[in-house]
Amino acid sequence: MKVYRKDGDTLDILVFPHEVIRKGEYLLVRDEEKDYSLVVQVIDIKYIDSPGILDELVREGLLSGSTVYENDLINVGRASKFIKDTKLATAVIRGSIRGGVFSSIYNDLPSRADSRVERVSTSRVLSMVSRGSGRLRIVLGRDFDGNLVHIPAEGLDGSLTLITGMKGSGKSHLAKLLASSLVRYGAPILIFDLNGEYLGLANEKLVEVFEGGRNLFFSLEYLGRDATLDIMVNVLGLPGVSANLFSEVWDIAVRRGYGITIDGLINVINNYVRNLMIRDALISRLMILKSCRFIRDGSSTRLEDLFDKYRGVIVNLRGLSSVERKVLVEIFLSKLVGLLERDVIPPLFLFAEEAHLYVRDTYWEDIVTRMRHFGLFVVFITNQPDSLGHEVFRQLDNIFIFRFQNDHDLDMLSRISNVDGATVKSIAKDLDRGRVLVVGNVVGNIPSVVEVSRLDYPAFGDTKRVFDYVVSASPE
Ligand SMILES: Nc1ncnc2c1ncn2[C@@H]1O[C@H](COP(=O)(O)OP(=O)(O)OP(=O)(O)O)[C@@H](O)[C@H]1O
Ligand SMILES: [Mg+2]
């Protein structure tokens, strides 16, 4: 390989026919005399465009089958084949190494005449960048050369993370791997499990699955006025004026001894609310709450105790109606906000699959912005990156991107701040199955392509297929 030219922060590198490189791989451009190297990442590979090459190819087509090349005594054919098979790699400069020390900036260029261009494994680049930082390592998988790649668990801490890619590309698999590693390091996690596919994690010590109406119940008394009001307004769409009145109703129920039960509140509403429309608005929403299988009067699950007892809490949302799902998630988020604010529970990670299906995006923006300070660090998992609001996108610290082909999704991802768009677009489009492009904190801002490891426990996450259930599918 040879450096050809530099354009902005990219180098064009000639790759000769016997040399093999792949998109996403790293190269070192070494100038031994200066003891200086550039670390560059290949983001695109194309044929060289030398003058006359088109004429030559056409001529070759015309002559194919003739004897001209067989009698090519002075090897003209071989030289021209060499030129035709030489490629041009576009590589982004990620940093430089001087005296063995990596820096993310570069202030010099290696000699074009004398520098050597050689492949370097992603894991080696990562180890130069991180220099052993991070005590708690999560084994993510392997780089192109089969070396183990690990990321520091601390890199997820205090951060906002996105796992995205097209359907079936391995997002949930990676989320399970991260979740189980975090739990093993003692970090509390909460998973909103939309399809009941994280249940395998319960094989881990201290991880428990909760299902609304089975081992998860909430009373309005436990939820309190603020969380109940949040549900009424955010999920059930109670208008502002009625919401104010609901607060008063709650106070009256407490003061006059009606008791904080759904029937108690309905009694107060019937006795004290004159406006028929508001009365209906309040009662109909309380009736919806009453119909949720996990809302009941009397004993209640206490979220503060849950996190005392278990490290990992999986909330199985499968089988719930859309309203129930939203109510349950709202209960968790609203109560957690309060508990975290008051330091009753420790900071935790939240894994949210296809979050737009159960929470309004403006609400996520609020959670993401405020919760950073209180200690709720969200890992979003979605195949529709545009389902997350701009505010969320702007704040992402880590992104795991699996294969994407749709240009719209790629455009969206390439607009994430602190990632160079060209890298994401070009590499994510051609990732093999099971490979992920990791960008952000966890990789010290060295975009890395990693083949994700298998799980060391049964995952329970396989998509059902018709023919898995058909005993004999072969035609007679
Ligand atoms: N690194 C891996 N090693 C082994 N199996 C994997 C790996 N990645 C994914 N799989 C398997 O591939 C299948 C699809 O993966 P997964 O469910 O994680 O995809 P997904 O991106 O979450 O899909 P969807 O968009 O449908 O939710 C699963 O059966 C999973 O177990
Ligand atoms: Mg999935």
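This is a predicted model: local features need pLDDT of at least 70, side-chain atom pairs count only at pLDDT 80 or more; totals for chains, interfaces and linings use all residues.
Strands of a sheet pair through backbone hydrogen bonds, and they can do so in a parallel or an antiparallel way.

Now follow some of the pairs. Strand S16 (residues 398-401) and strand S17 (residues 435-440) run antiparallel, and four bridges join them. Ile401 stands opposite Leu437 in S17.

Next comes strand S13 (residues 312-316). Strand S11 (residues 189-193) pairs with S13 in the parallel sense, over five bridges. In this pair, Phe192 stands opposite Val315 in S13. S12 also runs parallel to S13, and five bridges join the two. Here Glu208 stands opposite Val313 in S13.

Is S13 buried or exposed? Five of its five residues are buried, so S13 is largely enclosed by the rest of the structure. In a regular strand, side chains alternate between the two faces of the sheet. S13 is covered on both faces. Gly312, Ile314 and Asn316 are buried on one side, while Val313 and Val315 are buried on the other.

Stay with the sheet and look at Phe351. This residue is found in strand S14 (residues 348-353). Phe351 has 26 other C-beta atoms within 10 Å. The cut-off for a buried residue is 20 or more, so Phe351 counts as buried. What is Phe351 in contact with, leaving aside its neighbours within four places in sequence? The contacts are Ala175, Ala179, Ile189, Ile191, Phe192, Val379 and Ile381. Phe192 is the residue that stands opposite Val315 in S13. Gly434 is 83 residues from Phe351 along the chain, and 20 Å separate their C-alpha atoms.

Step back to the whole chain. The protein chain is divided into domain 1 (2-130), domain 2 (148-216 + 301-468) and domain 3 (220-291). The centres of domain 2 and domain 3, taken over C-alpha atoms, are separated by 34 Å. The contact between them takes eleven residues from domain 2 and nine residues from domain 3. Which element gives the most to the domain 2 side? Helix H10 (residues 322-341) does, with eight residues. By type, the domain 2 side divides into four nonpolar, two polar and five charged residues.

The model also holds a ligand. There are 15 residues around ligand 1. Gly170, Lys171, Ser172, His173 and Val452 come nearest. Helix H4 (residues 171-184) supplies the largest share of this shell, with three residues. What kinds of residue make up the shell? Nine are polar, four are charged and two are nonpolar.

Finally, turn to a few single residues. Asp35 sits in the loop between strand S3 (26-31) and strand S4 (36-47). Its phi is near 50°, a positive value in a residue other than glycine. Asp35 has 11 C-beta neighbours inside 10 Å. The cut-off for an exposed residue is 12 or fewer, so Asp35 counts as exposed.

Asn445 lies in another loop, the one between S17 and strand S18 (448-452). Phi of Asn445 is near 60°, also a positive value in a residue other than glycine. With 14 other C-beta atoms within 10 Å, Asn445 is partly exposed.

Leu54 lies in helix H1 (residues 53-63). Is Leu54 buried or exposed? Leu54 counts as exposed, because there are 10 C-beta neighbours inside 10 Å. Leu54 and Lys84 are 30 residues apart in sequence. In space they are 9.9 Å apart, C-alpha to C-alpha.

Conventions
Residues are numbered from 1 along each chain as its sequence is written. Chains are lettered from A and ligands numbered from 1 in the order in which they are written. A residue is near a molecule or strand if its C-beta atom, placed from the backbone, lies within 6 Å of it. Ala, Val, Leu, Ile, Met, Phe, Trp, Tyr, Cys and Pro count as nonpolar, Asp, Glu, Lys and Arg as charged, and the others, Gly among them, as polar. Domain bounds come from an automatic or database domain assignment. Two residues are in contact if their C-beta atoms, placed from the backbone, lie within 7 Å. Two strands pair if DSSP finds at least two bridges between them.
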